[in-house]
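Here is a walk through one protein model, from its charged pairs to its cores. Keep the structure open as you read.

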Amino acid sequence: MQLQDRPLDTVAPGGDAVSAASDDKLHTHGLYRLGFNYGSLIYRLRWVVIVLWVIGLAVSVPFALKLTSELTGGGYSMSNSESVRVNNTLVDRLHAPPSTLLVVFHSDTTAVTDSAYQAQVGIVASKFRSYPHVTGVIDAGPGKDGHTTYLAVTFDKNTDYVETKVPDILNMLPSGSNASPAQVYLTGSPAIYAEFTAITQKDAERAEVFALPVALLVLLIVFGSLLAALMPITLALVAVPVAMAIIYPIALHNQTSVFVLNIATIVGLGISIDYSLFMLRRFREELMRGRSVQDAIGWTVSTAGEAILFSGMTVIIGFGGMLLIGVQFMTSIGLGGMCVVAAAVLAALTLLPALLSVLGHRVNALRVPLIGKLVARRSHEVDEDTARGGFWNGWALAVMRRPILIIIGVSALLLVLAWPILSISIGTPTSTSLPKGASSRTGIELVNQQFPASNENPVYIIAQTPDGSSMLTSSNLLKLEGLSQWLVGRAHVTSVTSLTMLPQTQGSQALPLQQLIAAYSSGAYTQSPALAKLVGSTTDTDITLITVNTNAPVDSASGKALIDDLRNHYGQGADGLKMQVGGFQAVSLDFNRYLYGNFPKAIAFILGATFILLLLMFRSLLLPLKAIIMNVLSVCAAYGVLVFIFQQGHFADVLNFTSDGFIDSTVPILLFCILFGLSMDYEVFLLSRIREEWLRTHNNRFAVARGLEKTGGVITNAALLFIIVAGSFVFTGIVIMKETGLGMTIAVLVDATVIRTLLVPATMRLLGRWNWWFPGRKLPVELPA
């Protein structure tokens with residue numbers, strides 16, 4: 001029978017008497033019965049469970065403390081792209097250094113040519129020449145201003161190895177009063193990654209120091225009891241170290257991103273507090289209904305515990321999607337996130353009910369003066385809503401009176417928030433992701449300003465003969481010349497350097513092509529130091545390097561078009577030569593295309609697995625579909641805000657960042673995988689309570705109002721606490737963490753407010769009893785209130 005829009009009490013007539021009777025009906029459902037029995041088991045083994053967790057925590061802490069030493073700032077490479085193959089060829093066959101550090105010197109007043117300045121540079125250069133694995137130290141000479149220079153220090157080890165040596169190298173460099181006459185900055189990829197790591201670790205510590213006391217203050221206001229307020233904090237302080245200890249052996253055997261620390265902090269603290277809040281709220285509710293402690297634990301685990309289990313699984317599914325991206329950076333964060341969520345869920349379903357079993361009614365002990373009395377009074381008022389309803393009950397009924405209008409209005413708001421997505425641009429982050437004043441960022445900016453040629457980001461092309469013959473034969477050199485000429489004619493190409501197009505220096509004369517070919521093919525080039533050096537650095541048997549300079553910025557449309565043009569049409573000028581394109585332009589393009597080529601796999605996995613999980617939980621076809629659609633809306637809203645702020649540069653001064661005009665290419669994928677599970681949290685908690693009330697009453701409108709009444713306050717508090725934790729990362733130093741923190745904050749805010757309080761009740765009112773239809777079963781009958 002369809003319901004009419006008429007006044008509706010929060011519970012069915014008869015109040016708790018009917019509710020208590022309907023509990024028996026609820027108890028006949030398999031999962032509830034299983035949960036109740038499991039909760040009773042935890043009650044009986046409460047001390048065993050607590051002791052096991054204490055032992056586990058004691059064992060975990062030493063390993064958790066070691067984790068930071070195994071984390072890196074890299075993990076962005078791929079093993080099979082064309083640009084990576086070019087880089088490997090440069091290192092393996094043309095003996096390019098695997099990694100390079102730049103030691104930058106700058107003085108505001110003293111010229112590079114000054115004897116004291118030269119002495120300072122010389123001392124540093126001599127230290128590096130005797131440093132292990134250094135293969136060369138090259139002095140760049142004075143920059144444009146005459147006050148800046150740098151040393152290029154090359155290594156025979158890769159970037160990951162050199163990154164681990166950066167702290168030791170920094171101790172070699174003059175600093176403070178010893179840095180005279182020039183200030184010294186260490187930069188280059190290894191130094192930038194090392195500074196990323198150091199700043200990220202400090203940011204995580206600062207965020208925890210800020211978030212935990214503020215969260216405790218909010219919890220005190222929510223519960224009015226010091227003991228109850230400490231429970232969520234305790235769970236978080238247990239779950240996060242245990243999770244980090246689990247991540248430690250993973251980091252020992254796999255390259256693991258330092259951003260795992262931030263994700264562990266945000267997600268670990270946030271969901272641990274959320275889960276504790278829901279368990280505590282339900283436990284106190286069951287005690288107020290007059291249940292014994294054992295029964296209260298049983299009902300708490302069978303209801304809130306079931307929601308936590310399924311909620312945690314949705315978050316784990318989101319992190320699991322990252323494993324399908326195929327990039328170590330994503331894989332490490334995915335594994336780390338799964339460990340953190342699993343630890344939080346396990347603690348919430350074992351340690352927390354064990355602690356509550358021990359505390360019993362004492363969970364409300366140590367009341368805070370004034371606040372405790374207000375909370376107690378408010379709790380009794382909420383419990384008395386069986387007679388008159390409360391704020392959230394009235395809100396739900398008001399929304400359900402105008403469901404179509406509400407859906408249109410909320411959809412319009414979400415579309416406005418998401419609108420900037422249409423102009424989203426992704427790119428590869430540079431040193432500008434570091435905060436202003438970071439040493440490695442300052443150093444690379446000085447190099448780019450004073451040595452413009454270093455900022456050209458050339459395209460590296462490996463030309464190869466098809467039959468393995470020497471590149472120095474006359475016929476192959478003529479083909480190389482044709483290819484070089486073809487490259488000169490490409491759009492945005494400013495210069496080309498190859499065996500047949502020599503780099504020109506001021507005052508030098510170009511050698512005729514036939515003279516060059518004769519010198520190369522006869523071996524006479526070895527008599528010319530310049531030619532011998534060029535051949536030695538660019539050519540090995542059947543391959544040679546062509547360097548293409550371009551005026552197309554990295555990650556720009558023109559830069560991407562140039563790489564595609566070179567790869568797709570080189571046959572027009574190669575005359576049979578094979579060609580591979582590399583360099584930073586190509587690396588960035590390959591990386592981003594690889595990411596977003598695999599992203600649809602992650603999306604399909606997350607949507608499919610989440611749908612199946614919710615289908616099993618709610619025994620409904622439409623509720624999982626509706627939840628997924630609403631989740632997508634909240635994620636899109638978060639994307640839109642990110643584009644508006646970080647790509648378009650709004651509030652850059654307030655948030656202290658430099659806009660590159662694009663979003664870090666990893667952030668949209670990272671946020672989708674994380675947010676889809678996190679945003680589902682509150683949806684699962686709300687719908688699980690609504691379903692519980694539906695099973696009791698089979699009245700859809702009543703179930704929605706009652707479900708929102710019973711979860712509205714706790715979801716609001718949980719969202720506020722999560723926003724405090726995630727929001728603390730908006731003001732950290734690394735741009736990617738600012739973007740991630742803000743994205744999580746916006747998504748949770750949107751989900752816990754407009755979606756949970758407006759869209760959910762409005763859509764459920766429209767769908768009516770179809771909310772509860774499952775294929776193969778009859779459409780359920782709706783009973784009157």
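R282 is buried, with a relative accessible area of 5%; buried means under 20% relative accessible area, exposed over 50%, and partly exposed in between (1.4 Å probe, protein chains only). E692 is buried too, at 2% relative accessibility. The side chains of E692 and R282 meet in a salt bridge, 2.6 Å from N to O. A salt bridge here is a side-chain nitrogen of Lys or Arg within 4 Å of a carboxyl oxygen of Asp or Glu. This pair links distant parts of the chain: E692 sits in helix α25 and R282 in helix α9, 410 residues apart. Helices (H or I, at least four residues) and strands (E, at least two) are DSSP runs, numbered from the N terminus.

The model is predicted: local features need pLDDT of at least 70, side-chain atom pairs count only at pLDDT 80 or more, and totals for chains, interfaces and linings use all residues. Residues are numbered from 1 along each chain as its sequence is written, and side-chain values use heavy atoms, with hydrogens and water left out.

Stay with α9 (residues 259-288). E285 forms a salt bridge with R281, the closest N and O atoms being 3.2 Å apart. The two are four residues apart in this helix, so about one helical turn separates them. E285 is buried at 4% relative accessible area, whereas R281 is partly exposed at 24%. Salt bridges that share partners join these residues into one network, whose members include R281, R282, E285, R689, E692 and K710.

How many salt bridges does the structure hold? There are 21. Side chains of opposite charge can pair when their charged atoms come close. Another of these pairs is R567 with E82, at 3.5 Å from N to O. R567 lies in helix α20 (residues 557-569) and E82 in helix α4 (residues 82-92), 485 residues apart. Both R567 and E82 are buried.

Now follow α25 itself. Of its 32 residues, 32 are buried. At 1.5 Å a residue, they should span 46 Å, and the end C-alpha atoms are 47 Å apart, which agrees. The expected span is 1.5 Å times one less than the number of residues. A kink of about 35° is centred on L675. The bend at a residue is the angle between axes fitted to the seven residues ending there and the seven starting there. Just after α25, H698 takes a positive phi of about 55°.

Next, the largest nonpolar core. A nonpolar core is a set of buried Ala, Val, Leu, Ile, Met, Phe, Trp, Tyr and Cys residues joined through side-chain atoms within 4.5 Å. This one has 180 residues, and those touching the most other members include F259, V267, I674 and M744. Helix α25 (residues 666-697) gives the most to this core, with 19 residues. A second, separate core of 33 residues includes L483, V496, L531 and I563.

Finish at helix α18 (residues 513-522). Which of its residues are buried? They are L516, I517, A519 and Y520. The face turned away from the buried side carries the exposed residues Q514 and S522. The buried residues of α18 pack against α17 (474-488) and α19 (529-538), with contact meaning heavy atoms within 4.5 Å. G523 follows α18, and its phi is positive, near 90°.
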